[in-house]
Amino acid sequence: MTLLESRARTGGMARINPVAKLGASGLIALPLIFTLDMVSAAVALALECVLFVFAGVGWREFWVRTWPVWLAAPLTGVTIALYGQSGGTVYAEWLLVRISEGSLLLAGATMLRVLAIALPSVVLFITVDPTDLADGLAQTWRLPARFVLGALAGLRMVGLFIDDWHALQLARRARGVADRGRVRRFLGMAFALLVLSIRRGAKLSTAMEARGLGSPVRRTWARPARFGTAEWMLLLIGAAISAAAIAAAVWAGTWNFILGPS
Amino acid sequence: MTVDTRPATVEARGWGWRHSSRIAWALRDVSLRIEAGERVLLLGASGAGKSTLLHGLAGVLGGAEEGEAEGRLLIDGTPATAARGRVGLVLQDPDSQVILARVGDDVAFGCENLGVPQEEIWQRVDDALDAVGLDVPLDRATKALSGGQKQRLALAGSLAMRPGLLLLDEPTANLDPEGVVEVRDSVERMLQRQRSTLIVVEHRLDVWLPLIDRVVVIGEGGVIADGSPDRVLEVEGERLAEAGVWVPGHPPQHPAAPASAPGESLVSARGLAVARARGTMVADGIDVDVRAGSVLAITGPNGVGKSTLGLTLAGLLPPAAGQVTASEGLGGGAGAHPIRWSSRQLLTRIGTVFQEPEHQLLAKTVREELEIGPRSLGLPDAEITARADELLQRLRLDRLARANPYTLSGGEKRRLTVAAALATRPQVLVLDEPTFGQDARTWQELVAMLAALRDEEGAALVAVTHDLDVVAALHAERFTMGSGS
């Protein structure tokens, strides 16, 4: 469960308010979503690589967590190279496939873009503990505590659902219905899992209410979420990467705002 | 907010509650007064509304859309629904009441909701963990705790709120014997520090009686008996035992010992290693035989791989190493390796009853549930009906034939899942914690039924259990797994 598991760690990044990490990822992604060119993505990616060194994530862990991104990016690239909008010299053509100068450029730009948007998000979020994120969302962003805490407690139950699913599978074999009807069985198991999860959810919410959640008193926080210098610095770095990418693209003349006139 | 930490008084005046989905009242006409600092054991047959009363006192029954209330329920003279924070509630299922990922944060949760200032919260967290004797670091992952530790964590979470009234709803029903003692001792230790009023609901009286100074029995018509433990048990002991309460001096009946010696080995494991998922081995070096006409009990502490071994012997999980071999007589045309049998071939050979009935329920009615196995075998309709009829009768489920299995009580669900496994007449039956959390009456019925299966059908039974009474009652051969094996 590489997506859900998160360890509290001691590096400098770990202590930064997750809301700031969310903000920095957003700032980096924003200009890259609105333009489709090689230069902006390449510049952003290069600057991010410097950031990764300071993120306190080991190399081994970096590859383990980010391999899906490294897999997805070239796949997107290949697809666009084969089927993307063509332009300039055409190198090869076969049925719907047309590899051209334009589609290759577009492929390269897309591939770099996927990397430049996904990698910093993954790296920043490896160091996020879900509890800290909930604290940040509720205290810094002032999202309703009930909602945030409910989601946080629910997230913890995902592990139980995986055990449930495994048991449901074994039980179907034991009951003599696992030889045929794969689709129907899957639907039946999905329904059983839904029933189980609703029951667990109901028990959990009773337990939370019994501990005073939703009482009329103003809630205090055992772990205050700060938003100080380190947080503003991270946002600033995000904005700087963003600005550098835009500036480089405009300077190189490759900037093409997708919402603007073309 | 100033927090009142004196023990609370409890008063019910003609109180009752009806869930909005039910016609009958869960309980009614309850009138009762509990003085500050009293320690009360609340008893009653299953379905008497004990949990409903506790939930009502904790103010977590929900509003008008959840059900209808009558009468009054007061904590220190104010309605229970307005007394949140004065009341702590610990529930039965350890997994469903862990709220946060780290121990310290989980204990702090209640204090945060009550608006306790931040600096005071961590002091209270330390005190509460100390009071329940849970000596782990604050950042320990809650999912790494054992069942008994999780219940003590829940207790600490309630305690940190400094409640005047502490409610325990079967806090040890889901624990192994060590966990039961652990939690009981924690409660005792805690009560020495903080004189809260205490109300406990539990089936196992011997564990809790030493802590208790008053017993209240509820049932049809409100409070049936009320007084000192000795007096109430003397007068009501037999009736309570019949209703399924484990009353000291009224043990459930054990069936007769098997008349004949164990027969041939139907399933044998040699050099077996078991793993729940690929690559995560939990136990190895296992040599064991499952013999016809006998019971094999797999025992040992939580987490040593008892269930995993049971599921591997049942042909549901592949061995991580070594062999699980079926005898010629059992395997027949299907071969000697249970894991390679088809789901249908498994039906007449090895049946499995899972710990959680919900995992194996498939049908919309109790009758259909019993017919699924025989239908999968392709038996003629008349035979399918006959088998279902017979089982419905034998397991006292006939009244419920058209009920939805999910709506049955815990004991009924257990009987149904055993019956569903028996419908295809397997030669081997594997049961995972068959008596877990069951009341004395269901316990007695299950044990009698398993003994009959062993003696009359010559079936081989495998029971994964930490209930040593079951091991004794079934004259089981014991295979003990340790953390070292």
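The radius of gyration used on this tour is taken over C-alpha atoms, and the globule rule it is compared with is 2.2 Å times the number of residues to the power 0.38. This is a predicted model, so local features need pLDDT of at least 70 and side-chain atom pairs count only at pLDDT 80 or more, while totals for chains, interfaces and linings use all residues. Residues are numbered from 1 along each chain as its sequence is written, and chains are lettered from A and ligands numbered from 1 in the order in which they are written.

**Stop 1: chain B as a whole**

Select chain B. With 485 residues, a compact globule would have a radius of gyration near 23 Å, and the 24 Å of chain B agrees with that. Along its principal axes, the C-alpha trace spans about 75 × 50 × 40 Å. Colour by secondary structure and you will find 15 helices and 18 strands in chain B; helices (H or I, at least four residues) and strands (E, at least two) are DSSP runs, numbered from the N terminus. In chain B, 51% of the residues count as buried. Buried here means that 20 or more other C-beta atoms, placed from the backbone, lie within 10 Å of the residue's own; 12 or fewer means exposed, and in between is partly exposed.

**Stop 2**

Zoom in on B:Val430, in strand S16 (residues 428-432) of chain B. B:Val430 is buried because 31 other C-beta atoms lie within 10 Å. Show B:Ala314 too: it is 116 residues away along the chain, yet the two C-alpha atoms are separated by 6.4 Å. Leaving out residues up to four places away in sequence, B:Val430 touches B:Gly310, B:Leu313, B:Ala314, B:Ile350, B:Thr352 and B:Val462; contact means C-beta atoms, placed from the backbone, within 7 Å.

Now select B:Leu461, one of the residues with the most contacts inside the largest nonpolar core, which has 204 residues. Such a core is a set of buried Ala, Val, Leu, Ile, Met, Phe, Trp, Tyr and Cys residues joined through C-beta atoms within 7 Å. Helix H4 (residues 101-126) of chain A gives the most to this core, with 13 residues. Beyond four places in sequence, the residues that B:Leu461 touches include B:Val295, B:Leu429 and B:Arg454.

**Stop 3: where the chains meet**

Show both chains: 53 residues of chain B are in contact with 41 residues of chain A. On the chain B side, H2(B) supplies the largest share, seven residues. That side divides into 26 nonpolar, 16 polar and 11 charged residues. Ala, Val, Leu, Ile, Met, Phe, Trp, Tyr, Cys and Pro count as nonpolar, Asp, Glu, Lys and Arg as charged, and the others, Gly among them, as polar.

**Stop 4: chain A**

Next, select helix H5 (residues 130-139) of chain A, where nine of the 10 residues are buried. Those buried residues, among them A:Leu133 and A:Leu137, pack against helix H1 (18-34) and helix H6 (145-156) of chain A, together with helix H2 (103-113) of chain B.

Colour chain A by domain: domain 1 covers 13-128 + 226-252 and domain 2 covers 141-210, with bounds from an automatic or database domain assignment. Their C-alpha centres lie 35 Å apart.

Finally, colour by pLDDT, the predictor's confidence in each residue, from 0 to 100. The mean for chain A is 85, and 94% of its residues reach 70 or more. Over residues 1-8 of chain A, the pLDDT is below 50.

Conventions. Two residues are in contact if their C-beta atoms, placed from the backbone, lie within 7 Å.
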